[in-house]
Amino acid sequence: QVQLVESGGGLVQAGGSLRLSCAASGSIFSINGITAMGWYRQAPGNQREFVASITRGGTVNYADSVKGRFTISRVNAVITVYLQMNSLKPEDTAVYYCNAARSGVNYWGQGTQVTVSS
């Protein structure tokens with residue numbers, strides 16, 4: 001089992017910045033089996049959508065809507081993952097969820113609210 005805990009959400013004005021953190025915990029066996037971590041978001045009335053991901057090997061991927069504004073990074077392979085969000089827009093308002101992929105199973109955090117005011 002892998003547990004994920006997010007932090008760093010909040011309220012910010014448009015054009016501002018926030019940094020989200022996600023810490024993974026569990027047995028050494030579980031943690032070493034994580035192949036990628038990432039961020040998804042879900043706005044009211046919308047489906048959960050992909051935001052960014054980073055593999056154990058360091059390959060990153062971003063949704064087109066956040067390219068050039070968001071940066072995903074990690075510490076200690078896949079133990080802690082960050083999402084630096086700059087130039088935030090009101091349409092970035094959503095609950096942001098951390099995700100970890102291991103052996104074909106997806107693990108999710110509890111989510112953290114990001115609200116961008118216009």
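The model is a predicted one. Its largest nonpolar core counts 30 residues, and strands E1 (2-7), E3 (18-26), E4 (34-42), E5 (49-55), E7 (70-75), E8 (80-85), E9 (94-102) and E11 (112-117) each give two or more residues to this core.

**The nonpolar core**
- Leu 4, Met 37, Trp 39, Leu 83, Met 85 and Tyr 96 are the residues with the most contacts inside the core.
- Leaving out residues up to four places away in sequence, Leu 83 touches Leu 18, Arg 19, Leu 20, Trp 39, Val 51, Ala 52, Phe 70, Thr 71, Ile 72 and Tyr 96.
- In soluble globular proteins, nonpolar side chains tend to be buried together.

**Trp 39**
- You will find Trp 39 in strand E4.
- Trp 39 has a relative accessible area of 0%, so it counts as buried.
- Between Trp 39 and Ile 79 there are 14 Å in space, C-alpha to C-alpha, and the two are 40 residues apart in sequence.

**Ser 53**
- Strand E5 holds Ser 53.
- Ser 53 is classed as buried because its relative accessibility is 18%, and the cut-off for buried is under 20%.
- Beyond its neighbours within four places in sequence, Ser 53 makes contact with Met 37, Gly 38, Thr 59, Val 60, Asn 61 and Ile 72.

**The E9–E10 hairpin**
- Strand E10 (residues 105-108) pairs with E9 in the antiparallel sense, over 4 bridges.
- Ala 101 sits opposite Asn 106 of E10.
- The hairpin formed by E9 and E10 has 2 residues between the strands, and Ser 103 in the turn shows a positive phi of about 55°.

Notes: Residues are numbered from 1 along each chain as its sequence is written. This is a predicted model: local features need pLDDT of at least 70, side-chain atom pairs count only at pLDDT 80 or more; totals for chains, interfaces and linings use all residues. Side-chain values use heavy atoms; hydrogens and water are left out. A nonpolar core is a set of buried Ala, Val, Leu, Ile, Met, Phe, Trp, Tyr and Cys residues joined through side-chain atoms within 4.5 Å. Buried means under 20% relative accessible area, exposed over 50%, partly exposed in between (1.4 Å probe, protein chains only). Contact means heavy atoms within 4.5 Å. Two strands pair if DSSP finds at least two bridges between them.
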